[in-house]
Structure formats: structure tokens, C-alpha cells
Amino acid sequence: MKLVVLGSGSYSGTPKPFCNCENCSRARTNPALRRTRFSLYFEKTLVDPSPDLHYHLERLNRKVERVFITHAHFDHIAGFPELQVFGELDVYSHGQGVETAKHLASLFLGGASPDNRVWRYHEIPFNEWVELDGMRVFHFRTVHRSIENSGGFVSELKGKRIAVTGDTGPEILDDNEAIKAMEGADLLIAEMTHRESIPRTHLGVKDAIELAKKVGAGYTVFAHISHSNYTHEVLEKRVREAGVIGEVARDFTWIEV
Ligand SMILES: [Zn+2]
Ligand SMILES: [Zn+2]
Ligand SMILES: [Zn+2]
């Protein structure tokens with residue numbers, strides 16, 4: 001199975017306008033170092049319609065039939081109306097994610113299911129395995145800043161298990177239910193936003209690596225990386241030195257599991 005990290009960055013992207021940090025300065029002259037906002041695609045499934053979704057879709061040039069939304073923060077959902085190019089969609093999230101997606105579609109496209117399209121919304125409970133068409137999914141809750149509901153997803157399809165942390169504070173390291181669902185996954189996509197963890201907000205480098213070790217996935221890809229984090233090569237070195245089998249995502253990093 002092939003997956004692609006469409007966007008590897010966090011809420012402000014890299015370069016962040018008017019920022020002259022090392023990552024932002026370098027990204028202005030080297031496109032390979034740019035980071036658009038986080039999004040993942042596999043098997044006609046999109047995880048998080050980021051504000052950069054138009055850019056992602058026109059490059060990806062593949063069909064989306066299923067959308068998972070980890071949480072209703074701007075950088076993970078604002079591109080939702082860009083999905084108007086698709087006639088049939090199934091959207092999955094907790095209540096707040098579903099309601100925000102419906103609101104964006106109503107505001108910009110004239111209805112939760114716009115004209116001539118069949119868009120279905122499915123509110124899924126936290127911490128329960130749910131059977132979808134051709135897939136099983138477990139939406140675990142994460143502790144994440146000001147937002148009431150936020151979570152990650154573990155998907156099982158075609159004999160593979162794919163885990164995506166979504167945005168999460170370091171509290172996830174002590175969340176046995178989430179760890180159990182992710183444990184031994186074929187692929188873990190873990191957020192690694194900042195240099196240091198921010199309690200109840202985001203993972204730092206050390207805790208993201210510790211999470212990867214706890215989960216013990218066949219392969220781990222770190223993403224949702226802030227412009228203020230270490231440089232790409234320093235992050236790669238940290239991952240390598242920690243003995244984690246995996247890599248640090250760039251935009252449009254393809255993974256085969
Ligand atoms: Zn985010
Ligand atoms: Zn910067
Ligand atoms: Zn967030």
C-alpha cells in the first residue's frame with residue numbers, strides 16, 4: 001500500500017510569512033524545505049483537509065472518497081470546501097469535526113451536501129472500533145490545547161494497520177488505550193511539532209521519538225513540523241541515532257507499507 005504525506009508542516013507552514021528563522025530563510029530559496037500544512041492520503045482516503053488542499057489535490061491528481069478529520073483546528077480542516085471537485089464523499093470525525101465540516105460546506109458551497117453531490121457525514125465515537133466499508137477504524141481521543149475534541153486514527157485495511165496521532169500533547173505517552181490501538185502498526189505517522197513538548201498541546205522531538213518506541217510500528221514517519229523546530233537534517237539525525245526505523249516527512253513524501 002502506498003501513502004503520501006501531502007503536507008508535513010504545522011499551522012503556520014514553513015516559511016511562515018515575515019519569519020527569518022533558519023528554517024524559514026532556507027525554505028525561501030530551497031523548495032524541498034517548504035512545509036505546507038499537514039495532510040495524509042492513502043487508498044482514496046484523505047486525513048485532514050488542510051488549508052493547502054487545493055495545492056495538494058492538483059499535484060496528487062487522485063480521487064478522494066473518504067475523509068477523516070482529526071480535529072477542527074484551522075490547519076486541519078480549513079481546506080474542506082476544496083473537496084467540491086468530488087461528487088461522492090464520506091466524512092468521518094467526532095461530533096465537533098463533523099459539525100465544523102458541515103458548517104464550512106454550508107457557508108462556502110451552499111449546503112452540507114452541495115448541489116449535485118452526495119456527501120455523507122458520520123460521527124464516530126471515541127475509543128471504539130468502527131466498521132466502515134472495507135476498513136476498520138479506531139478514533140482515539142488526544143489532549144490538545146484549546147479545542148474540546150481532538151483525536152488520532154488507527155485504520156485497518158488490506159491487512160495493514162495505519163496509525164495517525166493527530167495533534168497531541170505528551171499526555172499520549174501515558175494513554176494506554178491509544179498506545180494499545182497503535183501498538184505494532186505497520187505505519188505510524190506521529191506529530192513532532194516542536195523542539196520541546198508543550199504539555200496538553202504538542203509533542204517535542206524527544207517525546208515523539210519515545211512515542212514511536214512505545215508504539216513499535218514497522219515504520220514511523222514524523223510530521224506536523226513547525227518552522228521553529230530543528231532543521232530537517234538535525235531531526236533526521238535524532239531519529240536515526242534513537243534507532244527508530246523511519247524518517248522525517250517532507251511535503252509529498254511517499255511511503256510504501
Ligand atoms: Zn495542527
Ligand atoms: Zn520561521
Ligand atoms: Zn491542532
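Student: How far apart are the zinc ion (ligand 1) and the zinc ion (ligand 3), and which residue coordinates both?

Tutor: They are 3.5 Å apart, and Asp-167 coordinates both. Before we go on, note that this is a predicted model, in which local features need pLDDT of at least 70 and side-chain atom pairs count only at pLDDT 80 or more, while totals for chains, interfaces and linings use all residues. Residues are numbered from 1 along each chain as its sequence is written, chains are lettered from A and ligands numbered from 1 in the order in which they are written, and side-chain values use heavy atoms, with hydrogens and water left out.

Student: OK, so which are the protein donors of the zinc ion (ligand 1)?

Tutor: They are Asp-75 through OD, His-76 through NE2, Asp-167 through OD and His-224 through NE2, at 2.1 to 2.2 Å from the ion. A donor here is an N, O or S atom within 2.8 Å of the metal (3.2 Å for Na, K and Ca), and sites may look incomplete because water is not among the atoms. Along the chain, these donors follow the spacing D-H-x90-D-x56-H.

Student: And why is the arrangement around the zinc ion (ligand 1) irregular?

Tutor: The arrangement is irregular because the four donor atoms subtend angles of 86 to 163 degrees. Four donors count as tetrahedral if all angles lie between 85 and 135 degrees; four count as square planar and six as octahedral if opposite donors are over 155 degrees apart and all others between 65 and 115; anything else is irregular.

Student: Where do Asp-75 and His-224 lie?

Tutor: Asp-75 lies in helix H3 (residues 74-77) and His-224 in the loop between strand S12 (219-223) and helix H7 (232-241), so the pair ties together parts that are 149 residues apart in sequence. Helices (H or I, at least four residues) and strands (E, at least two) are DSSP runs, numbered from the N terminus.

Student: Are Asp-75 and His-224 buried or exposed?

Tutor: Asp-75 is buried, and so is His-224. Buried means under 20% relative accessible area, exposed means over 50%, and partly exposed is in between (1.4 Å probe, protein chains only).

Student: What about the zinc ion (ligand 3), which are its protein donors?

Tutor: Its donors are His-71 (NE2), His-73 (ND1), His-144 (NE2) and Asp-167 (OD), lying 2.1 to 2.4 Å from the ion, and in sequence they are spaced H-x1-H-x70-H-x22-D. The four donor atoms subtend angles of 89 to 177 degrees, so this arrangement is irregular. His-71, in the loop between strand S4 (66-68) and H3, and His-144, in the loop between strand S8 (135-141) and strand S9 (151-157), link distant parts of the chain, 73 residues apart. His-71 counts as buried at 0% relative accessibility, and His-144 counts as buried at 2%.

Student: Switching topic, how many aromatic pairs are there in the whole structure?

Tutor: A search finds six. One of them joins Phe-80 and Trp-119, which form an edge-to-face pair at 5.6 Å centre to centre, with 75 degrees between the planes. Rings of Phe, Tyr and Trp (its six-membered ring) pair if their centres lie within 6.5 Å, and planes under 30 degrees apart count as stacked, over 60 as edge-to-face and the rest as tilted.

Student: Where are Phe-80 and Trp-119?

Tutor: Phe-80 lies in the loop between H3 and strand S5 (88-93) and Trp-119 in strand S6 (residues 118-123), so the pair ties together parts that are 39 residues apart in sequence. Both Phe-80 and Trp-119 are buried. Phe-80 also forms a tilted pair with Tyr-121, at 6.3 Å centre to centre and 45 degrees between the planes.

Student: Which residues have the most contacts inside the largest nonpolar core?

Tutor: They are Met-182, Leu-188, Met-192, Ile-209, Leu-211 and Phe-222, in a core of 29 residues. Helix H6 (205-215) is among the elements that each supply at least two residues of this core, and H6 gives the most, with six residues. A nonpolar core is a set of buried Ala, Val, Leu, Ile, Met, Phe, Trp, Tyr and Cys residues joined through side-chain atoms within 4.5 Å.

Student: And what is Met-182 in contact with?

Tutor: Leaving aside neighbours within four places in sequence, Met-182 is in contact with residues including Phe-140, Val-154, Leu-188 and Leu-211, where contact means heavy atoms within 4.5 Å.
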